[in-house]
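Student: I am new to this structure and would like to go through it slowly, one question at a time. Could you set out the terms as we go?

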Amino acid sequence: MTLFFDIFIIAILVILILVACLRIVPQGSAYVIERFGRYSSTWQPGIHFKLPIADRVARKVLLKEQVADFAPQPVITKDNVTMMIDSVVYFLIFDPKLYAYGVENPIMAMENLTATTLRNIIGDMELDATLTSREAINSRMLATIDAATDPWGIKVTRVELKNIQPPAAIRESMEKQMKAEREKRAAILTAEGQKQAMILEAEGRKESAVLNAEAAKQATILAAEAEKEREIREAEGRSEAIRKVQQANADGIRMIREAGADEAVLRIKSLEAFAAAANGQATKIIIPSEIQGIAGLAEGIKEAVK
């Protein structure tokens, strides 16, 4: 009975030891394993068995992309302006073994490397270029830091300048400059608006003058056409009156002739027609000779009738 109990206890201890030696590596992680103090293997996500006493987990490495937000660093520009710049580095670990054995403190090493690279880049640039060249600075820092961290098993994916803080005097001067620039742009816009308004007003006056001239011209043309039409109608009226007088005279002569009047009467009617044609407007009337010959005859007939 005692032997059975001892075997049971030993079996439980073995099971507990085996369970204690099982390791589960979560997704997105890797374990660096040392055996008797030397690198043995890198465990990927899943279940692994660790030899008791011989194996140990030297470092647990996170394989996800990580963000390192470094504290502001003092940097000096080419024109001797000291600024505080803080940066953010995005990275991931592609080789857990290099990350574990490449450098003592990889994050601290990367922070110092970032600060040194930033000082070197900013030192070759003036203040204005620094404030307007963030993308260029980020690209140069990424290329430099990524190349330097490869032996440490670190892949730098992105570098960003978070804040650039010039000295207070520089910031005040920049604010005054920006205010002056805004006032200048406002004055320019106001002047441009006034200029445009004057141009539009002048164009309006010009257009109005052209329209007035066109209207006056059209009015003159219409007045001339109306006067012409009036004269034409008056001439047509006078012509029609003369035609009707002549027609009446012709009808009278025709009726006298149909009544059997002799040549002398006809000549007298012709003389009356000449007088009517003069219409009191002429001071001299030229009478044909054949009509003059019967003038005395007509006077004699008139006396006889009396």
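Tutor: A salt bridge is a side-chain nitrogen of Lys or Arg within 4 Å of a carboxyl oxygen of Asp or Glu. This is a predicted model, in which local features need pLDDT of at least 70 and side-chain atom pairs count only at pLDDT 80 or more, while totals for chains, interfaces and linings use all residues. Residues are numbered from 1 along each chain as its sequence is written, and side-chain values use heavy atoms, with hydrogens and water left out.

Student: How many salt bridges does a search of the whole structure find?

Tutor: One of them joins the side chains of Arg 158 and Glu 160, whose closest N and O atoms are 2.8 Å apart. Salt bridges that share partners also join Glu 227, Arg 230 and Glu 234 into one network. Over the whole structure, the search finds a total of nine.

Student: Which residue meets the side chain of Glu 34 in a salt bridge?

Tutor: Helices (H or I, at least four residues) and strands (E, at least two) are DSSP runs, numbered from the N terminus. The salt bridge of Glu 34 has an N to O distance of 2.9 Å, and its partner is Arg 56. The pair links distant parts of the chain, 22 residues apart, with Glu 34 in strand β2 (residues 29–35) and Arg 56 in strand β5. The residue asked for is therefore Arg 56.

Student: Is Glu 34 buried or exposed?

Tutor: Buried means under 20% relative accessible area, exposed over 50%, and partly exposed in between, with a 1.4 Å probe and protein chains only. Because Glu 34 has a relative accessible area of 8%, Glu 34 is buried.

Student: Which residue is joined to Asp 55 by a polar contact between side chains?

Tutor: Asp 55 lies in strand β5 (residues 55–62), and Asp 55 is buried, with a relative accessible area of 4%. Contact means heavy atoms within 4.5 Å, and, leaving aside neighbours within four places in sequence, Asp 55 is in contact with Ile 33, Glu 34, Arg 35 and Lys 50. A polar contact is a pair of N or O atoms within 3.5 Å; within protein, one must be able to donate a hydrogen and the other to accept it, and residues adjacent in sequence count only if both atoms are side-chain atoms. The side chain that makes such a contact with Asp 55, at 2.5 Å, belongs to Arg 35.

Student: In which strand is Asp 69, the residue that pairs with Lys 162?

Tutor: The side chains of Lys 162 and Asp 69 meet in a salt bridge of 2.9 Å, N to O. This pair links parts of the chain 93 residues apart, with Lys 162 in strand β9 (residues 154–165) and Asp 69 in strand β6 (residues 66–69). Lys 162 counts as partly exposed at 42% relative accessibility, and Asp 69 is partly exposed as well, at 46%. The strand asked for is β6.

Student: How many helices and strands does the protein have, taken as a whole?

Tutor: Buried residues make up 21% of the 306 residues in the protein. Among contacts between residues at least 6 apart in sequence, 62% join residues at least 24 apart. The secondary structure comes to nine helices and nine strands.
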